[in-house]
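Let's take a friendly walk through a protein model, one piece at a time. Have the sequence and the picture ready as you read.

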Amino acid sequence: MSTSDRNTLPTAFWLGVDKLGVSRSQLVRMAGLPLSIGHTQSKVSTAQFFALWSALERLKSVDVGIELMTMLDRSVLPPSFLVAYHARTFRDALQRVVRFKSLCAPEELKLETDEPYIKVITHWIFAGDPPPSLTDATFSSIVALGRHGTETPLKNIKLELRRDKSEAVMAYFQCPIKWNAEQDALYLHTRELDLPFIKFNEELTSMLDNALNEQLNQHQVNSSYTEKVRWLLRKTLTAGRPELKAIARELAISERSLQRQLNNEGGSFQAILSDTRHELALDYLRNASYELSEIAYMLGYEDQASFFRAFQNWQHISPAKWRDAVLKPG
């Protein structure tokens, strides 16, 4: 599982930027980030990654996600996609992408059954809604995977997008699209998900799977318990007030052992819970579409008053006043 919000920028992103004719230094400066991020293999937070995509939209257009994915060479895609291109079926390929994203990246792809479709939703663990160009790039990469693997046009799909209408998006997906929707969602027909991949290679897939699993195991070994607890808290806060018992169960460790591990790393469960809520509260408040009552719920508080008291302790100001100060023009 991805436990940290420090992640390596995909090589494919920078190669795509280069192909677009965009100067890396200009992009980084417009995003308000250190110039060192413009080097391959730089590590960035989710917020910084979003800032790069938003700057790319300003330099090119909001349709840049489609443009970038259309010109990208498949050989430079992340390992999870390379494995998927040799899967048995489109469904198998999609499940591989979902699994490795959840383990390796701060992005999750959630699959929900909505007969006769499978609904694909993106969820960024450490941030709110991504820039529309990034969502376009994610969904187009999935559709490109299916189209290439099955060698069919995949006409039985549909989209819901939070963004405004776009001719480029319509031309790429060639499917019904609901614009200015409440969420971003890609619907894949179950019949097409069961189509076989023409270039299925069991031996190669097995070899790539083993290599990726080895990387994942090493990543998990190197992750601290503090990082693991923080990651799980971010995923489960909306289910209500999280308990040490539930987190320990998820980590397959006793409560006492987990407390001891956290103490050895210089922290405690309550301190990590408070810090995680604090970080998320600031992220959510920057999104003007969230009501304060919604934020209290998403942070796992039983009532709005409890959230207000906690925020006052963190920032010495009310959530509403903090939001006004941050979001006011100028």
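## A pair of strands to begin with

In which sense do strand E3 and strand E4 pair, and over how many bridges? In this predicted model, E3 (residues 107–114) and E4 pair in the antiparallel sense, over eight bridges. The link from E3 to E4 is a hairpin of two residues. To find the pairing in your picture, look for Glu-108, which stands opposite His-123 in E4.

E4 itself runs over residues 117–124, and seven of its eight residues are buried. E4 also pairs with strand E7 (residues 185–189), again in the antiparallel sense, this time over four bridges. Here Val-120 has Leu-186 in E7 as its bridge partner.

## The whole sheet

Now step back to the sheet that these strands belong to. Five strands make up an open sheet, in the order E3-E4-E7-E5-E6, with mixed pairing. At its edges lie E3 and strand E6 (177–178), each of which pairs on one side only.

The parallel sense turns up between strand E5 (residues 157–160) and E6, which are paired over two bridges. There, Leu-159 stands opposite Ile-177 in E6.

## A helix with two faces

Next, turn to helix H16 (304–315). H16 has 12 residues and reaches 16 Å from its first C-alpha to its last, close to the 16 Å expected at 1.5 Å a residue. Which residues of H16 are buried? They are Ser-306, Phe-307, Ala-310, Phe-311 and Trp-314. Because these residues cover an arc of only 130° around the axis, they sit on the same side of H16.

On the face turned away from the buried side, you can find the exposed residues Arg-309 and Asn-313.

## The two ends of H16

At the start of H16, a side-chain oxygen of Asp-303 comes within 3.2 Å of the backbone nitrogen of Ala-305. After H16 comes His-316, which has a positive phi, near 60°.

Is Glu-302 buried or exposed? Glu-302 counts as exposed because its relative accessible area is 72%, and the cut-off for exposed is over 50%. The C-alpha atoms of Glu-302 and Arg-241 are separated by 7.4 Å, although the two residues are 61 residues apart along the chain.

Technical notes. Residues are numbered from 1 along each chain as its sequence is written. This is a predicted model: local features need pLDDT of at least 70, side-chain atom pairs count only at pLDDT 80 or more; totals for chains, interfaces and linings use all residues. Side-chain values use heavy atoms; hydrogens and water are left out. Buried means under 20% relative accessible area, exposed over 50%, partly exposed in between (1.4 Å probe, protein chains only). Two strands pair if DSSP finds at least two bridges between them. The expected span of a helix is 1.5 Å times one less than its number of residues. The arc is that of the directions from the helix axis to the C-beta atoms. A polar contact is a pair of N or O atoms within 3.5 Å; within protein, one must be able to donate a hydrogen and the other to accept it, and residues adjacent in sequence count only if both atoms are side-chain atoms.
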